[in-house]
Amino acid sequence: MRRKDREVTDLNDIYSIIKKCDSVCVAFFDEEYPYVIPLNFGVSFKDNKFTLYFHGASQGKKLDLIKKNNHVSFTMSTSHKLKLGEKSCDATMDFESVCGSGIVSLLDDEEKKQSLTFLMEQYDNGAEHSFDDKEVERIAVLKLEVERVTGKRH
């Protein structure tokens, strides 16, 4: 990272940034260009390892691309605040961001409910969550085991 003064290295600080975000953009390998898509997500942080969870249709482009190459990258940001200067070139933006990469996999039915709980806790923390078995069976839940992560704050 070029601006070491803005780098966030403490994993607990990175986790607090993640918890403030409301979406993540995930980049999948495609033929000519990366396929980048914004997703809702959940996160678990255990033993200094991040795992992100996503849900969606049980078929489609994401799943097709994962079958070909399950390595992905991601980015998320929050706390945006525009700061104008006297001149246009003096304008800047406050922000907090997290970027990373890892391996994504499709979860089986037994793992889905706990993963969906992480997802719900990202948006409705503290509430109790229950899931209809038939609904859970018909959706896909993806798990991204993060291998590299960086944080930045300005």
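This is a predicted model: local features need pLDDT of at least 70, side-chain atom pairs count only at pLDDT 80 or more; totals for chains, interfaces and linings use all residues.
1. Helix α2 and its buried side. Helix α2 spans residues 61-68, and Lys 62, Leu 63, Leu 65 and Ile 66 are buried in this helix. Viewed down the axis of α2, these buried residues fall within an arc of 160 degrees, so they line one face of the helix.

2. Lys 67 and Lys 68 are exposed, and they sit on the face of α2 turned away from its buried side. The student may note that Lys 62, by contrast, is listed among the buried residues of α2.

3. What the helix packs against. The partners of the buried residues of α2 are strands β2 (24-28), β3 (35-39), β5 (49-57), β7 (92-106) and β8 (139-153). Two of these names, β5 and β8, return in the point on the cavity, where each supplies at least two residues of the lining.

4. Aromatic pairs: Phe 28 and Tyr 35. The model contains five aromatic pairs. One of them joins Phe 28 and Tyr 35, with 6.3 Å centre to centre and 45 degrees between the planes, and this pair is tilted. Phe 28 has 3% relative accessibility and therefore counts as buried, the cut-off being under 20%. Tyr 35 has a relative accessible area of 22% and is partly exposed.

5. Aromatic pairs: Phe 45 and Phe 50. These two residues form a stacked pair, with 4.4 Å centre to centre and 15 degrees between the planes. Phe 45 counts as partly exposed at 21% relative accessibility, whereas Phe 50 counts as buried at 4%. Ring pairs also bring in Tyr 15, so that Tyr 15, Phe 45 and Phe 50 are linked into a cluster.

6. The cavity. How many cavities of 30 Å³ or more does the structure hold? The structure holds one. The volume of the largest cavity is about 40 Å³. Its lining is made up of His 55, Gly 56, Ala 57, Lys 62, Leu 63, Ala 140 and Leu 142.

7. Make-up of the lining. Strand β5 gives the largest share of the lining of the largest cavity, namely three residues. Helix α2, along with β5 and β8, supplies at least two.

8. Ala 27. This residue has its place in strand β2. Leaving aside neighbours within four places in sequence, Ala 27 is in contact with Tyr 35, Val 36, His 71, Val 72 and Ser 73. Tyr 35 is also a member of the tilted pair with Phe 28. Ala 27 and Phe 50 are 23 residues apart in sequence, and their C-alpha atoms are 17 Å apart in space.

9. Ser 44. Strand β4 (residues 42-46) contains Ser 44. With a relative accessible area of 13%, Ser 44 is buried. Not counting residues up to four places away in sequence, Ser 44 touches Lys 49, Phe 50, Thr 51, Tyr 53 and Phe 118. Phe 50, one of these contacts, is also a member of the stacked pair with Phe 45.

Terms used:
Residues are numbered from 1 along each chain as its sequence is written. Side-chain values use heavy atoms; hydrogens and water are left out. Buried means under 20% relative accessible area, exposed over 50%, partly exposed in between (1.4 Å probe, protein chains only). Helices (H or I, at least four residues) and strands (E, at least two) are DSSP runs, numbered from the N terminus. The arc is that of the directions from the helix axis to the C-beta atoms. Contact means heavy atoms within 4.5 Å. Rings of Phe, Tyr and Trp (its six-membered ring) pair if their centres lie within 6.5 Å; planes under 30 degrees apart count as stacked, over 60 as edge-to-face and the rest as tilted. On a 1 Å grid over the protein atoms alone, a cavity is a set of points where a 1.4 Å probe fits but cannot get out, and a pocket is an open set with protein on both sides within 12 Å along at least five of seven lines; lining residues have an atom within 4 Å of a point. Grid points are joined across faces, edges and corners, and a volume is the space filled by probe spheres set on the points.
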